[in-house]
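Have a go at each task before you read its solution.

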Amino acid sequence: MDVAFLLDKYFKGTKDVSIDVFDAQTLNDVYKDIIRSMTSHFEIEVSVLQALSYCLYEMMDNIQIHSGKPLGMAMTHYDSREKTLSILIADDGKGIKASLSENDAYKDIAEADALKICLEDKITDGKGLGFGLYTTSRLVDSIGKEFILHSGTHKLERKAGEQTVSENGLWQGTLIYMVIGTSEEIDPNQIVDHRTDAAEEYNETFVETNELETLW
């Protein structure tokens, strides 16, 4: 993957962008390192981290399940002035259309339509639950400033409450970029549709026992 291109396109003029490459063996450690680095920014609402931690792992794990390629990339940047967090997850695998086409229900789907429906609940190529991008979409709906899903020659964008899908160059694989606000308290379990306890999962993994009482 072209790191210089991604930095110029999505983080132009930004300093201190964290860049991590991961595979199936390192995914969990890289994921935990990313979340722990975010916890160092005390002004980020804990509830945002609780919801994001679930969505981030799902996005990263999707690469291992669906892309057909061993490596993925994660880029993150926290803007303390704007109180926003920018996240990019990318791979150079088969892409969303080809992946969904492995499910007979979507074998003839157009690429633009594939980008739209993959954000819906229970849309999958048959290898997963179809829940990761759905929860990410719910997070964006709640506190998102910008969201881009680029796969193949089509790009889906959400900004200022509007969603568009257009032809826009080629990304071989799948690229997810989002900017979320970090100062607003949210309900992390509402983001995951109350199907799991995202807050408890985050607390058990990332919060020391003697720190739990300070969260409430």
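**Exercise 1.** How many residues lie between strand 4 and strand 5 in their hairpin?

*Solution.* Start with the turn: 2 residues separate the strands, and alanine 160 in the turn has a positive phi of about 55°. Next, look at the pairing: strand 4 (residues 144-159) runs antiparallel to strand 5, joined by 14 bridges. Strands are DSSP runs of E with at least two residues, helices are runs of H or I with at least four, both numbered from the N terminus, and strands pair if DSSP finds at least two bridges between them. Finally, find phenylalanine 147, which stands opposite methionine 178 in strand 5.

A note on the model: it is predicted, with local features needing pLDDT of at least 70 and side-chain atom pairs pLDDT 80 or more, while totals for chains, interfaces and linings use all residues. Residues are numbered from 1 along each chain as its sequence is written, and side-chain values use heavy atoms, without hydrogens and water.

**Exercise 2.** Find which strand 3 residue stands opposite isoleucine 180 in strand 5.

*Solution.* First, locate strand 3 (residues 84-91), which is antiparallel to strand 5 (residues 162-181) and joined to it by 8 bridges. Then read across: leucine 85 faces isoleucine 180.

**Exercise 3.** Count the helices and strands, then work out how much of the chain is buried.

*Solution.* Counting gives 8 helices and 5 strands. For burial (under 20% relative accessible area, with a 1.4 Å probe and protein chains only), the share is 49% of the 216 residues. As for overall extent, the C-alpha trace spans about 55 × 40 × 35 Å along its principal axes.

Note on methods: Buried means under 20% relative accessible area, exposed over 50%, partly exposed in between (1.4 Å probe, protein chains only).
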